[in-house]
Amino acid sequence: MSRLVVVSNRVALPGRAGSGGLAVALQAALEDSSFQDRGGLWFGWSGDIADGTSGQLHETRAGNIDYVTMDLSREDHDDYYNGFANRTLWPLLHFRMDLVDYSRETWDAYRRVNALFADRLAPLLRDDDVVWIHDYHLIPLASLLRERGVRCRLGFFLHVPMPSSDILAALPHHGRLFEGLSAHDLVGFQTSRDLERFQDYVRLFGRGRVIEHGVLETATGRRLRAGAFPISIDTDGIARQAAAAVGKSSFKRLARSLSGRALAIGVDRLDYSKGLPERFRAFERYLQRYPDQLGQVTFLQIAPVSRGGVIEYQTLRSELEQLAGHINGGHAEPDWTPMRYVNRNFPHASLTGFYRLARVGLVTPLRDGMNLVAKEYVAAQDPDDPGVLVLSAFAGAARELDAALLVNPYDLDGVAAAIARAVGMPLEERRERWQAMMTRLRDHDITDWRRGYLQTLRAA
Ligand SMILES: O=P(O)(O)OC[C@H]1O[C@H](O[C@H]2O[C@H](CO)[C@@H](O)[C@H](O)[C@H]2O)[C@H](O)[C@@H](O)[C@@H]1O
Ligand SMILES: O=c1ccn([C@@H]2O[C@H](COP(=O)(O)OP(=O)(O)O)[C@@H](O)[C@H]2O)c(=O)[nH]1
């Protein structure tokens, strides 16, 4: 059986805390016991900024996984990660043309860092490896590996949305960037909508052809497979962890602090794609519109700081601080604060308990590739008394979790109404909705995602 080599910008290094669905999901996929005996290599950025130049490698091993990571210099980190990846591609891929940065320097740095990834990775590869490259940071990597003589099977998975082709075409270098994808044997997306939009792009702007659904011919005449592979979670593992969390002090402290009130919870990186200002405003709208429920719900928003070096994220942080203060200032009582806003990162072992305690899970991104928090919230519920998921129709997860209360995150009245409905929902309806979502998550867990993708890649 061939070795699996996973390549991503973000690596979940053993013993290092961090948030973000890609690292959480890949770690779960690689740790799966049914896979462990084959072993694997995870290659990516070390998370550290070097004093000098980029490229210093670090190696470590845990279980059957080798981790090889590379430092970036301050300049490369600023221009590749903060710059082209997170100020150009991230807003573009999340339908935010208004936030796209068009500077040419960061595009050069993006190409340079991808070339360095290729230089360092190519000597580590064997011809019978299966290489699985992840996300928008590394779109050109496969073509750069091919230029360096790499012949093994190469797959790509995009964790974020694929926007409509008209949006992609607004990027000055879109042709050069996206033709790099054709060096892969398989390109995977989160949902069939993302796949369809990519096929439209290849047809309308990429000078390629759709031979049949999921089989494309690019401008260079090369054929590649493309498909939808919705990422998932370790469903049973999360359920077990949540049940066990009830005995933990973090769970008990939070439960005590609610004084019998219902909890609504949001857990998101502090990112404008997550729709946090809209969610805060919708919660305020709920407080205004449903006076009969006033004082019954406490909203806890956990939002660890993310990409703090990027100006748009700094601005968002200030906006949220103001909004949280405004909402509490206007609605708090001497014995009740409607909103709690926390910028800390919590380990999964605590988060799963918080999810289980929450009567309402608020997951309302403006756009999201998948959103694993939505899936984790469902898996963490008590089957006898499950909470209600309020989920944005614009998250990839909404395609599978359609038994949630689906909302348009821009429609504050609609979100407020969904919160009120969730708070008052009878037990029987909560159980029915939860059961439908949990069945889906048990059938399509993280192991199913990894197997489905890799089987298709091996067959491609
Ligand atoms: O690595 P960071 O810059 O700290 O950001 C964290 C990750 O954010 C994005 O996650 C995406 O992947 C999730 C799993 O597939 C998905 O559920 C979510 O919708 C996406 O936003 C990003 O795509 C990753 O590369 C980052 O590591
Ligand atoms: O304090 C936190 C906040 C988030 N997460 C995890 O980070 C991931 C976020 O993934 P998601 O797909 O929801 O969004 P992303 O951050 O990748 O855009 C989930 O597994 C969360 O449980 C965490 O471990 N601690």
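This report walks through the fold of one chain in a predicted model.

## Overall shape

The chain has 460 residues, and a compact globule of that length would have a radius of gyration near 23 Å. The chain has 22 Å, which agrees. Along the principal axes, the C-alpha atoms fill a box of roughly 65 × 50 × 45 Å.

Buried residues account for 49% of the 460 residues. Now take the contacts between residues at least 6 apart in sequence: 75% of them join residues at least 24 apart. The secondary structure comes to 17 helices and 16 strands.

## The ten-strand sheet

Strands of a sheet pair through backbone hydrogen bonds, either parallel or antiparallel. Here, ten strands form an open sheet with mixed pairing. Their order is E3-E4-E2-E1-E5-E6-E7-E10-E9-E8. The edges are strand E3 (57–62) and strand E8 (209–212), and each pairs on one side only. From one strand to the next, the twist averages 25°.

Look inside the sheet for a parallel pair. Strand E1 (residues 4–8) and strand E5 (residues 130–134) are joined by five bridges in the parallel sense. Val-7 has Ile-133 of E5 as its bridge partner.

Is E3 covered or hardly covered? E3 is hardly covered: of its six residues, the count of buried ones is zero. E3 and E4 run antiparallel and are joined by six bridges. In this pairing, Leu-57 stands opposite Met-70 in E4.

The two strands form a hairpin with two residues between them. Gly-63 in this hairpin takes a positive phi near 60°.

## Helices on the sheet

Helix H3 (residues 74–93) lies across strand E2 (40–50) and strand E4 (65–73). H3 runs at about 100° to E4.

Helix H17 (residues 446–459) also packs on the sheet. H17 touches E5, strand E6 (153–157), strand E7 (186–189) and strand E10 (223–228). The direction of H17 makes about 140° with that of E6.

## A pair of packed helices

Two packed helices are described by the angle between their axes and the distance between the axes. Helix H9 (residues 235–245) and helix H13 (residues 348–357) pack at an angle of about 80°, with their axes 8 Å apart. H9 is therefore roughly perpendicular to H13.

Which residues of H9 make the contact? They are Ile-238, Gln-241, Ala-242 and Ala-245. H13 brings His-348, Ala-349, Ser-350, Thr-352, Gly-353, Tyr-355 and Arg-356. By class, the contact of H9 with H13 has five nonpolar, five polar and one charged residues.

## Two residues with positive phi

Most residues other than glycine have a negative phi. Asp-135 is not a glycine, yet has a positive phi of about 80°. Asp-135 is found in the loop between E5 and helix H5 (141–147). Arg-307 is not a glycine either, and has a positive phi of about 50°. Its place is the loop between strand E12 (297–302) and helix H12 (311–331).

Why does Asp-135 count as buried? A residue is buried if 20 or more other C-beta atoms lie within 10 Å of its own. Asp-135 has 20 such atoms, so it is buried. Arg-307 has 19 other C-beta atoms within 10 Å, so it is partly exposed.

Definitions and conventions: Residues are numbered from 1 along each chain as its sequence is written. Chains are lettered from A and ligands numbered from 1 in the order in which they are written. This is a predicted model: local features need pLDDT of at least 70, side-chain atom pairs count only at pLDDT 80 or more; totals for chains, interfaces and linings use all residues. Helices (H or I, at least four residues) and strands (E, at least two) are DSSP runs, numbered from the N terminus. The radius of gyration is taken over C-alpha atoms; the globule rule is 2.2 Å times the number of residues to the power 0.38. A residue is buried if 20 or more other C-beta atoms lie within 10 Å of its own, exposed if 12 or fewer, and partly exposed in between; C-beta atoms are placed from the backbone. Two residues are in contact if their C-beta atoms, placed from the backbone, lie within 7 Å. Two strands pair if DSSP finds at least two bridges between them. Axes are lines fitted to C-alpha atoms, for helices over the stretch in contact, and angles run from 0 to 180 degrees between N-to-C directions. Angles under 35 degrees count as roughly parallel, over 145 as roughly antiparallel, 65 to 115 as roughly perpendicular and the rest as oblique. Ala, Val, Leu, Ile, Met, Phe, Trp, Tyr, Cys and Pro count as nonpolar, Asp, Glu, Lys and Arg as charged, and the others, Gly among them, as polar.
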